[in-house]
Amino acid sequence: MAELVDVKAPEGQSEGTESVVSSWFKSVGDTVTANEPLLEISTDKVNMEVAAPSSGRLAEIIKTDGEQVEPGEVLGRIDVSVADAVAAEAPPKPAPQADGAEKPVATGSAGGSGDLSPAVRRLLKEHNLDASQITGTGKGGRITHEDVQKHVESGGAKKKSAGMSGRMVSHSHMRRSIAQHMVQSVATAPHVTSVFEADLSDIIADRDSRKADFESRGVKLTFTAYFVRAAVAALKAVPEANSRWHNDALEIYDDINIGVATALGSGGLIVPVIPKAQDLDLFGIAERLQDLTGRARDERLDARDVQNGTFTISNHGVSGSLVATPIIINQPQSAILGVGKLERRVVPASEDGDAVTVKPMCYVSLTIDHRVLDGFQANQFLTSWVSALSGS
């Protein structure tokens, strides 16, 4: 008699985040082993693999690709009564080599489906591609995520419209979710933006004095770490910016959980969060940033890494932008800080003279939910933020 175990969606999903089944890695009837990646769930923030809770055979798929799921919802079922038979069918363990290392058992050609990572399988499925169409550049000819992305960008389905030639590139689930989230934010909150100038002379000098020490401890000191620290000071000065609007009250958070918008090489944007940033010194902030942004770009973030943010920084200047406005608020937060490109500009040498000098400057903007904050408070926040940079 079949003994079924439920495969459930992960708990702890952020409020307002839509999750859908991105791709099943197994079909009904396939054997599975405990802790083996079984399927992938996508949100606008992160892709999460769901592991098999037990060994057996996949008996049922309840939520198919593209279907929306809720935290804790049953996605499929595994028949664990055949676990012993599954163990007997398991592939042989890698044979030891002369140097003591294990030699992997061959799984087919370099581009075969057995060599594909879950992320690559998902991308192939999104664009309706066959692995045999793509030349792998990874180790041993393995197809990488970047290989698939380049193939999509260089080709794709052709479509003519109004006598014009072009190509159609399918939206990824992440891109569709980001679009939905942005539209919802603009429709929910009246956006207003204030723009200030910031002199980065002090943080450049401070960074030069600390950089070697940080690197000796395995951490790269970036300007963004200073921006996060200054945001903590500004949020303490204007706590309403660290809040959430409710129809009957304003919820002002005790903890300052700062998200840093991070562009992904494969397209899209993700916002990993530094929790309790108010408790971290500059080294702690830099260390946490390095870990989060590195794992974000490698698509190794956990769902918990993008949850419970109370304020967001968009350092859009790293890609050359001077000013971006309005930067859309990351709902349900109340404000978002934008930092533009650092460039040396001619500025007054003092407030009471005609002399000028050249300093490293950048534009910084704060976009606010006007239901929560007024222009005076936005300017107070930016004044505190700029002042905190000067005190580095």
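This is a predicted model: local features need pLDDT of at least 70, side-chain atom pairs count only at pLDDT 80 or more; totals for chains, interfaces and linings use all residues.

Colleague: Okay, which residues of α6 are called buried?
Modeller: Thr224, Ala225, Tyr226, Phe227, Val228, Ala230, Ala231, Val232, Ala234 and Leu235. They get the label because each comes in under the 20% cut-off.

Colleague: How do you know that the length of helix α6 fits its number of residues?
Modeller: Helix α6 covers residues 223–237, which is 15 residues, and at 1.5 Å a residue it should span 21 Å. Its end C-alpha atoms are 21 Å apart, so the two agree.

Colleague: What makes β1 and β3 edge strands?
Modeller: Picture the open sheet of four strands, in the order β1-β8-β6-β3 with antiparallel pairing. Both β1 (4–8) and β3 (31–32) pair on one side only, and that makes them the edges.

Colleague: Why do β3 and β6 count as paired?
Modeller: Two strands pair if there are at least two bridges between them. β3 and β6 (residues 56–61) have two bridges, in the antiparallel sense, so they qualify. Thr31 stands opposite Arg57 in β6.

Colleague: And what is β20 paired with?
Modeller: Strand β16 (residues 258–260) pairs with β20 in the parallel sense over three bridges, with Ile258 opposite Phe311. β20 also pairs with β21 (residues 335–339), again parallel and over three bridges; there, Thr312 has Ile336 as its bridge partner.

Colleague: Which way do the residues of β20 point?
Modeller: Phe311 and Ile313 point one way, Thr312 and Ser314 the other, and all are buried.

Notes. Residues are numbered from 1 along each chain as its sequence is written. Side-chain values use heavy atoms; hydrogens and water are left out. The expected span of a helix is 1.5 Å times one less than its number of residues. Buried means under 20% relative accessible area, exposed over 50%, partly exposed in between (1.4 Å probe, protein chains only).
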